[in-house]
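Here is a short briefing on one protein fold. Look at the sequence and the structure first, then work through the points below.

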Amino acid sequence: MNSEQKNSQTENQWEDLYRDGLGAPRYPNSYAVRWLFGNFSRQDISQTHILDMGTGMGRHAIMMKQEGFQVTATDHSQTAIDKAQYWATHEGLDIAFSQASAENQPFPDQSFDGILCYGVLYYLAPDKLAQSIREIYRLLKTGGSTFVMIKNDRDIRKIKGESCGPHQYKITGDEEGQPWNNEAGMSLTLLPKSEIEKYFSDFSHIRIEEVTSTLKDSKYLEAAWLIYAQK
Ligand SMILES: C[S@@+](CC[C@H](N)C(=O)[O-])C[C@H]1O[C@@H](n2cnc3c(N)ncnc32)[C@H](O)[C@@H]1O
């Protein structure tokens, strides 16, 4: 299976999950909130434009708009976008939602002051993942800031997956009640820190931190990179 096929299988699975009524989280991640206010609270928020790339059902886009930012949000899944739009409309929030792949965003260069991409890029094959990071760089204004969360190569998903390419693991079994239960069949890219450093080498002020937690009485480790960078 080439990277195009792996990507589209994973993307189609996301579409199915949303169609089947996936219960996505409603509350924003605390690291995303800290990044937002740590970077942008000293400027005029109403003039600060943030892109939420891979927005899912829109929990971060909604929070950012409620706080007064200008918000644009994209996701590969049209169903996710429809559900996020429905939620925003219900809240009376004007957010520019559109369907688009992370690796091919339909916006001009230097469109955004900030780009959030939380829990998305490890679902892409390495070439698409790299292309998405180039898109983040292209779309950021000079001096703009990005925050990317990506599961890493210490995560339990690597052990639960079958190697299917460089740093790629196909999740073979599900396990009732565990967070990767919905990901069986998906091909994930789980990178070491050295690869992340390469992918972000065009950026400045790069900070890569690891965040971990355990599952099932500490039997399983979930591990992710939190990547903070500026253009
Ligand atoms: C774990 S969810 C995270 C959603 C959201 N960022 C959040 O924090 O709630 C992963 C999202 O990545 C999206 N996705 C997967 N492949 C994608 C791609 N190539 N381009 C854009 N989005 C993609 C899925 O549709 C899904 O909404």
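Two strands pair if DSSP finds at least two bridges between them. Helices (H or I, at least four residues) and strands (E, at least two) are DSSP runs, numbered from the N terminus. This is a predicted model: local features need pLDDT of at least 70, side-chain atom pairs count only at pLDDT 80 or more, and totals for chains, interfaces and linings use all residues. Residues are numbered from 1 along each chain as its sequence is written.

**The sheet of 7 strands**

- This open sheet has the strand order β3-β2-β1-β4-β5-β10-β9, and its pairing is mixed.
- Its edge strands are β3 (96-99) and β9 (204-215), and each of them pairs on one side only.
- From one strand to the next, the twist averages 15 degrees. Axes here are lines fitted to C-alpha atoms, for helices over the stretch in contact, and angles run from 0 to 180 degrees between N-to-C directions.
- Strands β5 (residues 140-151) and β10 (residues 220-230) run antiparallel and are joined by 7 bridges.
- Opposite Thr146 stands Ala229 in β10.
- Helix α4 (residues 78-90) packs on this sheet, where it touches β2 (70-75) and β3. The direction of α4 makes about 165 degrees with that of β3. Contact means that the C-beta atoms of two residues, placed from the backbone, lie within 7 Å.

**The sheet of 3 strands**

- A second open sheet runs in the order β6-β7-β8, with antiparallel pairing.
- Strands β6 (161-165) and β8 (187-189) are its edges, each pairing on one side only.
- Neighbouring strands here are turned by 40 degrees against each other on average, direction ignored.
- Between β6 and the antiparallel β7 (residues 168-171) there are 4 bridges.
- Gly165 has Gln168 in β7 as its bridge partner.

**Helix α1**

- Helix α1 (residues 3-19) has 17 residues. From first C-alpha to last it reaches 24 Å, close to the 24 Å expected at 1.5 Å a residue. The expected span is 1.5 Å times one less than the number of residues.
- Lys6, Asn7, Thr10, Trp14 and Tyr18 of α1 are buried (20 or more other C-beta atoms within 10 Å of a residue's own; exposed means 12 or fewer, partly exposed in between, with C-beta atoms placed from the backbone).
- Down the axis of α1, the buried residues fall within an arc of 110 degrees, so they line one face of the helix. The arc is that of the directions from the helix axis to the C-beta atoms.
- Glu4, Gln5 and Ser8 are exposed on the other side of α1.
- The cover over the buried residues of α1 includes α4, α5 (126-139) and β8.
- Just after α1, Gly21 has a positive phi of about 90 degrees.
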